[in-house]
Amino acid sequence: MKTLPQHDWQPPGQASPIQGLTRPMAWIGVLLLALLVAVGLARWSGLDPRTPDAAVQWQRDLLFRDIAGGDIAVLDHRTGQQVAQFSGEQGFLRSSLRALARERHRESLSKDAPFLLIGRADGRLTLQDPSTGQRIDLESFGPHNAAVFASLRLAGHKAP
């Protein structure tokens, strides 16, 4: 008497393991499709997921210049005076400025326009380029990185 190999034999009325996965996979596919349609409709309708900005508490117009030795000089745009200087790697500062400068270069805009450092009523900081409309919400990168720019709020001002 011949018998079927173990892997070919199934009890009657029982679905194969591959067919058993079909229904859950179909539901996952339907859920993913519904999610994709919902996101598409939200984007198409103009829904903005960002929280509205709090009121501006203070603003400072700053120029950033590369100087000898790889340092970065920070100038107050209104007075033209150097208010700070950053030495060393300064990864977050450099990468933030590089991202904004890249947009200016792409649009063939002048490097001489200032960046706006904006402090908001809710404590958030924004570095904005009015030339391109680009902005970096600095609090998104953690308090240590935001503190690099927060130190520029009063830099160069004489203490009372």
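## A polar contact to start with

A polar contact is a pair of N or O atoms within 3.5 Å; within protein, one of the two must be able to donate a hydrogen and the other to accept it. Keep that in mind as we look at this predicted model, where the side chains of Arg120 and Thr126 are joined by a polar contact of 3.4 Å.

Arg120 belongs to strand E4, which covers residues 115-120. Its relative accessibility is 7%, so Arg120 counts as buried. Leaving aside residues up to four places away in sequence, Arg120 touches Asp53, Ala54, Ala55, Val56, Gln57, Thr126 and Arg135.

## Strand E4 and its two partners

E4 is mostly covered, with six of its six residues buried. In a regular strand, side chains alternate between the two faces of the sheet. In E4, Phe115, Leu117 and Gly119 point one way, while Leu116, Ile118 and Arg120 point the other way.

E4 pairs with E1 in the antiparallel sense over six bridges, and in that pairing Gln59 stands opposite Ile118. E4 also pairs with strand E5 (residues 125-128), again in the antiparallel sense, over four bridges.

## Asp61 in strand E1

Strand E1 runs over residues 56-66, and Asp61 is found in this strand. With 11% relative accessibility, Asp61 counts as buried because buried means under 20%. The side chain of Asp61 makes a polar contact of 3.3 Å with the side chain of Gln59.

Not counting residues up to four places away in sequence, Asp61 touches Leu75, Asp76, His77, Arg78, Pro114, Phe115 and Leu116.

## The largest pocket

Now for some empty space. Rolling a probe the size of a water molecule over the atoms shows where such space is left. The largest pocket holds about 470 Å³ of space. It is lined by 16 residues, and those closest to its centre are Phe64, Asp66, Leu97, Ala101 and Lys111.

Two elements, E1 and helix H2 (91-106), each give two or more residues to the lining of the largest pocket. H2 supplies the largest share of this lining, six residues. By class, the lining has eight nonpolar, one polar and seven charged residues.

Definitions and conventions. Residues numbered from 1 in each chain as written. Predicted model: local features only at pLDDT ≥ 70, side-chain atom pairs only at ≥ 80, totals over all residues. Heavy atoms only, no water. Buried < 20%, exposed > 50% of the residue type's maximum accessible area, 1.4 Å probe, protein only. Contact = heavy atoms within 4.5 Å. 1 Å grid on protein atoms, 1.4 Å probe; cavity = no way out; pocket = protein on both sides within 12 Å on 5 of 7 lines; lining within 4 Å. Points joined across faces, edges and corners; volume = space filled by probe spheres on them. Nonpolar A, V, L, I, M, F, W, Y, C, P; charged D, E, K, R; others polar. Pairing = 2+ DSSP bridges.
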